[in-house]
Amino acid sequence: MARYSLAPYTIRIKDKKSDKYVHIDNISGGEDFLYVMNNYLSNRKNSVGHQQSQKKILRIRRFTLQNRIFSGIIETGEYGYETELFDANSEKTTYKRHINEAEMLPFYLLMYLPQNADEGILILQRFKQYGIRTNFERDINEYVKTRFSSLELQINPLVTSQLINEYLRHGRVLKLRFIRFSFPSDIANAYDTQDHKEEEGYTELVISAKRRGRIPIIGRILEVINGKRQLNELIEIKDFKYEKVKIEIDINGNKRTIDLSDINKIRPYIDITQNIKLGDNGHPLFNSIDAISRELLLDLINQIARDNNVR
Amino acid sequence: MFDKVNVSKIIRDHISTLKDYRTNKYKIGDFILFFVTPLFFAVIFPYFNILLTHNLISILITSLSIFAALLFNLLLLIYDIVQKSKNENVQKSKNENRLKIKFLKEIYSNISFCILIAIWAVVFLILISISDSRCSTLIFLTFNFIAYYLMVLFLLTLFMVLKRIHVLLYKEVEK
């Protein structure tokens, strides 16, 4: 059975000139990004986004805007290879898809762009192992660049303490491993060698979580994962500058290692397969997935507020 | 009014290359080497009355002028490498590209600084040449002090440029 999930992300806009994130409702000269996004989505409703180098197509089937929240359906597809469409009932090939034809799959999207904040929330539907974050980000950025050459939209996985708590509730942190790379101090030597070898940090920290207890480092881990704290500021170790931290976690007897310098491996997807209603076309009914996503959005807003208060 | 001859950016850019690559923080050792060591020689030589003679001044002015000209050529060479790097169709990792660009920028700043020091050194050597009989001993000694300081600073920076150019061109030849 196909699995459907929701993937939450943060959405931020960076000014490359000042290297700072701008407020969503004032991205450049008082302009609200809400209207830029509205224009982009309207644009995409009338004309497809065609990424020729990736051989991908993107279009908006529908969207609405209410109270600074967009919700809608994006369709994306890939072309560049032939396939045969096979009827499972008649057991015959009914159509041969040509090399320049793309199979368009619908994905739900929910985007909240608050005022007086530099961070919005984006929830994208995933279908089995397929997602649309990369395509969507690339397409929006192409549009944003045409109007604001110094701005860049960034979409990053949103990891809240709830996700980390999920790991820790069912497991415990066995080890924190600090790893130092032997980079030279002179850039000329670094350019000369352009490689490095890992050497294990000689300091080991073991932090154990009690059931229903709190681990003091969780806030800092979260800050590192969400990009608000540098990795080498996780814990200060005198005379040892580390570049990588790996956390070894025991979850129900299974050991799992999370590399804090590679957060893309943490996948905060929420499986909604059992909760949604499917239409006759086999895809989720819009109202069904919309309701679940809006609940998740509210939950995320509260979680983020809680995480910010904890810090 | 002095905007067009304002060279403070060259000095700032060069100083920013004296950071530890790992930590991106300034290294005290580098400042001692490049700015305190010349001070030592600039004090010692005049103190022991080892002053610059007319002959020596002539030789130094000629040498510094030749070096400055060669360094100007080096700037163009670096520019050429930058252009080639931009046009290259080689699949490199983002980190490699970032490192090369940073490295090229730093070399460029170092060479510009070297040329600047050479020019100033030439100016002070000329001042010494015309000042010995016309000015007080204090002014004469001060010019000597400054000239020695600039020449040692020039020499040290030149070594730094030499090392970096060697690494850069060696890697280019290796490709």
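**Interface and cores**

Author: Buried area is the accessible area (1.4 Å probe) that two parts lose on being put together, summed over both. Between chain B and chain A about 1400 Å² is buried, and carbon and sulfur atoms give 65% of this area. B:Tyr21, B:Arg22 and B:Lys171 supply 36% of the area that chain B buries against chain A, more than any other three residues. This is a predicted model, in which local features need pLDDT of at least 70 and side-chain atom pairs count only at pLDDT 80 or more, while totals for chains, interfaces and linings use all residues. Residues are numbered from 1 along each chain as its sequence is written, chains are lettered from A and ligands numbered from 1 in the order in which they are written, and side-chain values use heavy atoms, with hydrogens and water left out.

Reader: How many salt bridges are there between chain B and chain A?

Author: A salt bridge is a side-chain nitrogen of Lys or Arg within 4 Å of a carboxyl oxygen of Asp or Glu. The count between the chains is two. One salt bridge joins B:Lys163 to A:Asp186, with the closest N and O atoms 2.8 Å apart.

Reader: Which residues have the most contacts inside the largest nonpolar core?

Author: Such a core is a set of buried (under 20% relative accessible area, 1.4 Å probe, protein chains only) Ala, Val, Leu, Ile, Met, Phe, Trp, Tyr and Cys residues joined through side-chain atoms within 4.5 Å. Here the largest has 53 residues, and A:Phe33, A:Met37, A:Met111, A:Leu113 and A:Phe136 have the most contacts inside it. Apart from it lies another core of 50 residues, including B:Phe34 and B:Phe103.
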